[in-house]
Amino acid sequence: MGVSLTDVKGIGPATVEKLEKAGIKSVEQLATLRKEELSKILGVNLKQAGDIIQSAKQLALDQLLEVYTAEDIKRYRQENIKRIPTGCSALDSVLKGGIPTMSITVLFGEYASGKTQLCKQLVVNCLKQLGRKAAWIETEPGTFIPERLEEMASAIGYQLDLNDIIVVPARLIGTPYNLFLAYEMIEHKMQKLGLDVGLLVVDSFSAPFRKHYTGREQLPDRSAEISRHMGKLDILASKYNMAIVLTGQVGDIPDAGSQLHAVVKTGHRKNPVGGNVFLHSGTYLISLIKTKTDEWEACVFDAPDIPMTKVQFRITREGIRDVSRTRAR
Ligand code: ATP
Ligand code: MG
């Protein structure tokens, strides 16, 4: 099925070997590389690298020339897209059942806004409700805490096997390049061990970019690198029918006018870090904020099939829950 690297113009067996050594195993992967990277990998000039990427893109696109009817697409979506419940039924009903597979969902919020807790609840629910495994890339040390997953699982009477969760720890992720490699490590492990992974969490996705690209003059490079990551994650989401959940930090906005603009766009007075590339690449964008000592708010602010909607939720010892249900107790 599909095309192989040797089908790309200008690529012979020796070049394939070099590409595979660098972790590039498919035409789709090759098509999402930047020419600067490819020129380093192959030791060719930028023009040659650009030509190779262009023919890989063309080949990948030619494969997509099959035309479907809207009915085909609807049936395909109904048969394949699964939803991972969030633990909060009000949020699930907004999300038509939960966080969908085959998509990238981005959770934005400042510290303590519930990003990591929600991701942990999704891991537990993916294992229990979908019967599939989960993968977690930790980019900030000490934030992936297995005992918290056990606590959430036991609250719903689920016997969690921690071996069902693949983890890439933060000590391996210093830069965005390491992060990209982590996707490939997970894919490699899935293929080698035949693992069916239904959810990949990157917590925090924005942190390595924020640390690595510090100056304003680096913004174009940062955007290009984020695009490359999103390209790879999109492929993983559809190839393995996986839900991809990324967390993103937000920055303070000093003036009231821009704050208002942010509220209109994202539901909250903070600006997502990572700029427009990040915002455009996620399919479902959700901003989170802590509104009271024991209450949080999620705003689904950009989705292809859901209007902007705000929902309240709680974070309890048991996990993510509805406000009304936890109040009634
Ligand atoms: P950061 O940007 O710093 O990573 P975050 O958005 O990921 O922040 P979380 O780690 O999800 O924030 O934490 C949100 C809140 O969840 C914490 O401030 C805490 O109040 C609550 N919380 C954490 N663990 C528990 C628990 N076991 N029981 C109840 N509440 C908890
Ligand atoms: Mg966190």
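Rings of Phe, Tyr and Trp (its six-membered ring) form an aromatic pair if their centres lie within 6.5 Å, with planes under 30 degrees apart counted as stacked, over 60 as edge-to-face and the rest as tilted. The model is predicted, and local features need pLDDT of at least 70, side-chain atom pairs pLDDT 80 or more, while totals for chains, interfaces and linings use all residues. Side-chain values use heavy atoms, without hydrogens and water.

**View 1. The aromatic pair F108 and F301.** Five aromatic pairs are counted. The pair of F108 and F301 is tilted, because the ring centres are 6.0 Å apart and the planes stand at 45 degrees. F108 belongs to strand β3 (residues 103–108) and F301 to strand β11 (residues 295–302), 193 residues apart; strands are DSSP runs of E, at least two residues, numbered from the N terminus. F108 has 1% relative accessibility and is therefore buried (under 20% relative accessible area, 1.4 Å probe, protein chains only).

**View 2. The aromatic pair W296 and F313.** This pair is stacked, at 6.4 Å centre to centre and 25 degrees between the planes.

**View 3. R228 over the face of F180.** R228 lies 3.9 Å from the ring centre of F180. A charge sits over a ring if NZ of Lys or CZ of Arg is within 6 Å of the ring centre and within 35 degrees of the ring normal.

Notes. Residues are numbered from 1 along each chain as its sequence is written. Chains are lettered from A and ligands numbered from 1 in the order in which they are written. Helices (H or I, at least four residues) and strands (E, at least two) are DSSP runs, numbered from the N terminus. Buried means under 20% relative accessible area, exposed over 50%, partly exposed in between (1.4 Å probe, protein chains only).
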